[in-house]
Amino acid sequence: MMRNLFLLGESESSLDCCVCPSLRILLLPPSSNSDSASEYVSMCMEHGLGWKKLKRLKSELVDGDGSPKTSTPLNPHFEISDSMIGAFVIQDNDLVLVSRGGSIGLLPKGFSETDALQVVTSVPGGISSSAISPDESILALVSQDHGSLFIFETYCWSKPLMKVDLGRGSSPSRDSTTPQSSSLANDKSHISWRSDGQFVAISFCLDQLQTIHVYNREGVFFSRLEHFPGVISGGIAWRPTGCSTIAIPLSLPDKLCVALIEKNGLKRADVQLNIKTNNISTTKIMDIQWNSAGSILSLSLLVDSHEQIICLLMPSNHSWLTKFVRRFNVNIPYQMNWDSFDPLNLSLSSSSSFIDFKFVMRSSFSNCRLKNDNGNLAIIDGSTLNVTPFRKMKVPPPYSAYVIELDDVVRDICFGEDMSLTIITENESLYVFVNIVSEKDCVDVNRSNGIKSGCVSKDFINDVNYTLFLKENWNIGINYNNLTWIGHGNYLVSNSSCLYVITDYKKVTKKLILEDVIFNIIFFQGVTLVQLVNGLLFSYQDSSVVPWIKCNKFPEYCPIIELMDDQILLGLSETNRLYANSHEIASNVNSFILISDFLLITTNTHRLKILKVDNLFIKDSEYVRSLERGSRIVIAFESTLVLQMPRGNIEVISPKPLLIHSIKRLLDSNEYNKVYSLIRKHRINSNILVDHNYDNFIKNLSNIIEQFSDSGLCSLISELLEEDVTQTLYKYSYSVRDDKMIENKVDSVCAQILKATQHNTEKFYLPLMNCYIMFSSKRLDSALKLICKLRANGNCKIAEECLTHLCLYVDSNELFNVALGSYNLEFALYIASKVTSKDPKEYVQFLNNLKNIQPISLRHYTIDKHLKDFKGALSHASQKDFPISEEYVSDLVNMVASQRLYSYAMKILSIKNELFIPISEEYGNYLFAKRYYEDAALLFELSGNKEKSLNSWKRCGKWRNVLCHDLENSEQTCLSFIEELSTEKKHIEVAEIYLSYLKHPEEAISAYLQGGHWQEAYELIVRLKRNDLLEINFLPTLVAKSSEYLEFIHEIMNTFTSKFNRFETIIQIRSSEKNITTESNDLDEDAFSEGSRVQSTICSTSQSLTTVKTLESLKSKSTKARRKIKKKLFSSKKGSEFEDIGLVIELHSLISNVYSYRSEIHELLSALVRMHQLPLACKIQKEFKNLIELVGSSVDKIWLKKPLEFSSFETSKKNGSTTSFFKSYIPPYHILDNNLRFPPENSNILWEIQLLNNT
């Protein structure tokens, strides 16, 4: 990974007072100056306890019950000290001690110096090595002669679970290419368990040849190591975290390396140590260990028996880099022990001291948020620093753009905002590299700067301009970490809880003491923050440290922090929560970075989220895209994001929000050429050039045309769309606009480009072609005219290029047709010969025949008809010189009829034109067939066809027009109309015909009386002075109609009462059912099953959803079908699902009918009073008034005063907005049509006669 390992803290203490919170047990050899009587074994038994020292113990062998053994092959005494090769804590916290002599002893939990040591078993011949399984249930032992492997169960010591002969059938044959000998072979054996305890690896010497075997948990042989040169020195270590890799240290004559072996015995890789030593041959690897996460491989080396080197390696894209080196001058080497809980905590222990190292993993890169920063990322590899400027090039690890070679191992580095790079090595050397522009910028430049090319050319190195500015001894007298640049030549470093201020590169000018250990220091644009291990945040300003007033502490500890500005600090916690000051803005986050106006985060669910810094606390405001599993952010720039995969390779992506942000910035600065390069490279829709700021685009159109190449301008034009991409495709990067969308954007932009380029058609001929093509109605004729013009001016080559370009967008046959439509037959011949694939025999003869047609109007008519431009053909046929013949007339009439060009023909043909009459008559036939009888009658009148005109007037019912024209058969015509009008109950028109045309007033009076028009009939009788007709015709008809109205009123009243009573009954039944359900839900929850309520809710919901789906499906059906389905669905049949809704519909219809009869009742009552029929009139008025009152009193019980949605009834019930009638149930009015959700409108019509109320 692109991270370095930095020392966060280092503490050294004596063994008497130190506390080891993670090591369960630790064996140490005796000190060199102690005598045999006072040798010690040092052990730490449980978490948090201090070290216990046990004196040299001697114990007689005892059985489990405490009785002495009479005979035993074991040694009579159990020696502790240098004879100890292993001590383990098993599951019940008992201590198991293994001696080299072969004895295995057991001390109980909470033992003291006086406790007796119980020897539980022994191994004949002695023990070479031992190791306990990770689950502490199995102990593996190798005999002293490396001949046997013993496996014991820790809860049963009576006999071994398995004894394996290491040499049986598995001894590898000697290979002549393997230069091992007895003098080089390591005679020690080593055991390493896999982290899951299923396999164990044994390294031992067999027949003077070092070998490694792998066995499973039951001792069954699994694999043997392949042959490779070198001597296995030190131990072997099985990598944890589920990996099948075994690390094996090898000593070769010219180098030291570590072999990584798979469990099947095959070599996976070789790791060569990048450590400078005086003599490789005297350097030996003493120990090798993995940390608990398997991310760090630690090695302990011994040089010339007096110098110890601790080396930590980390993987980087299938390579291994040296991240930390520490040298010690010791007589007795330190033992390495990794914390089993904290994978970045390493302990070194000896017989007299204990050193604890606390590490932290951090990426070392410059501040990419600065505009002039190259995004340099530095990776430490021993005494080499690999640097890559990611803004200029992307180089995957372990390679780099350039390499800085130093004289010792790199200890700490930091980048400054002045583009400087500060490096400090383990030998306290200070290197300062600066990025200069010219030699006068730096006078103390050492040109032998140690920078070498990595995987790039020397020309790139010269362009980097990184030069060694300063190299001095940096022995400041303190053990420091957290090197942070805060200004030119000024730094902050920390040591435990002390903060030191360094000026002029190496002068310690101030020491500040804080309340806890300092974890990290960050600096950004003048703001410096210090975070302690307890999470407290402090601000360094004016040579003092004060609590940061914006946020003194995150809700939880955040090891990774970054300043967004002087107000907001971002922190990523160990639980993957991302905080902005004290507010949590995201969870499940594994990396983040700030760039421009965005916060980029990656999650453990393999997603990239991009949040605007202005909307960090707004939900659902992020842009999300998928990533490869395990991706983490390395660095980011304006439009580029660099990610690293778990296997180490890098991936460079350009997320759309970052790209659009960069494009917006470039568009605002009118750098259209750069924008076009971006959108072509990343496939961004080019409409953003126009939609970002249309007015500015049009204003700078001339500059855009100059910046773009012809191909670029053509691509821009061809990709134009009507939609505004800033509100569709890229709406995330744009706010909602208040201005209106541009109408006909494509036509408008093409018109502006035409206007800007038409002055130089020879230069911009291709963009002009694209503009003509992109118009909503293609202007191919204009494009061909331009080509014709170019040919006329002698630019035949350009004309042919334009024609070829047009053929990319338009079919060649269509071009030929457009050229033919220009009526220029020579140009059409040119187009046909250049772009079409037709045989010349086809189009040459065709064009020659057209040339011979005369007159020109007939030729144009023929061409238009061939091109199916029927309007053009009709237009040419309407010209004066067009030859009119029976053949052409018939052809034109058929063409107008087939293409429905009637309206256009009526528009262009004059009434004197010979084509007018046949075409208008054909148009009339068409309208008559479509049942537009009145329009057809008018056209037939224009064409002079009286018979068809009369027939059309009759069909449309315009009897007055018929009678005006058909004077010969007027009486017969009148009688036929009277019959039709009587059937249609148009009694007033029947009476008019009798009076005006047939002169039969008595028949007219009968027609009035039959239609109930009492006032008109009475006036006509009076005007004719025929009072006898009042007694003969008027009164009997009036009395008969009154009886019919009384029967009608009684029938309506009975029907309404019956249906309303049924409606009330349904409401009461369903309300009672709902009350029972409500009461049962209010009881104790234990009384009824929760599932029954859920099931009831689901059933009612499913029924409602089914109804809604049925109603929504009606939208796609015809009116007749909708009426049929609704009638079936809303049936008022007793017991139907929507019986209440069906009754509402029927009651609505009844009430509407009652209201509509008020005017008729009023006229009837007036006629009865006039004819002195007061008793009958009073009876009718009283009955109808009772009906009106019945209907009015029922309206509020059928409909609510205010319309409510079905789903909101419960809320209205609680608020008391429902009527007392609807106590618990309300019909689902929302499924009705809008006009049925309310009662019929009751307009104030004065229908009563007051005279009758007092009678």
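Reader: Which residues in α2 are buried?

Author: This is a predicted model. In α2, the buried residues are Pro657, Leu658, Leu659, Ile660, Ser662, Ile663, Leu666 and Leu667. Buried here means under 20% relative accessible area.

Reader: How do you know what span is expected for helix α2?

Author: α2 covers residues 656-668, which is 13 residues. The expected span is 1.5 Å times one less than the number of residues. For α2 that gives 18 Å, and its first and last C-alpha lie 18 Å apart, close to the expected value.

Reader: What follows α2?

Author: Asparagine 670 follows α2, and its phi is positive, near 60 degrees.

Reader: Why is glycine 535 called buried?

Author: The cut-off is under 20% relative accessible area. Glycine 535 has 3% relative accessibility, so it counts as buried. Glycine 535 is found in the loop between β42 (527-532) and β43 (537-541).

Reader: Which residues does glycine 535 touch, leaving out those up to four places away in sequence?

Author: Glycine 535 touches Asn552, Lys553, Phe554 and Tyr557. A contact needs heavy atoms within 4.5 Å. Proline 555 is 20 residues from glycine 535 in sequence, with 8.8 Å between their C-alpha atoms.

Reader: How many of the protein chain's residues count as buried?

Author: Of its 1255 residues, 49% count as buried. The chain has 34 helices and 55 strands. Its accessible surface comes to about 61800 Å², with 48% belonging to carbon and sulfur atoms.

Conventions: Residues numbered from 1 in each chain as written. Predicted model: local features only at pLDDT ≥ 70, side-chain atom pairs only at ≥ 80, totals over all residues. Heavy atoms only, no water. Helix = DSSP H or I, 4+ residues; strand = E, 2+ residues; numbered from the N terminus. Buried < 20%, exposed > 50% of the residue type's maximum accessible area, 1.4 Å probe, protein only. Areas by Shrake-Rupley, 256 points an atom, 1.4 Å probe, with all protein chains shown as cover.
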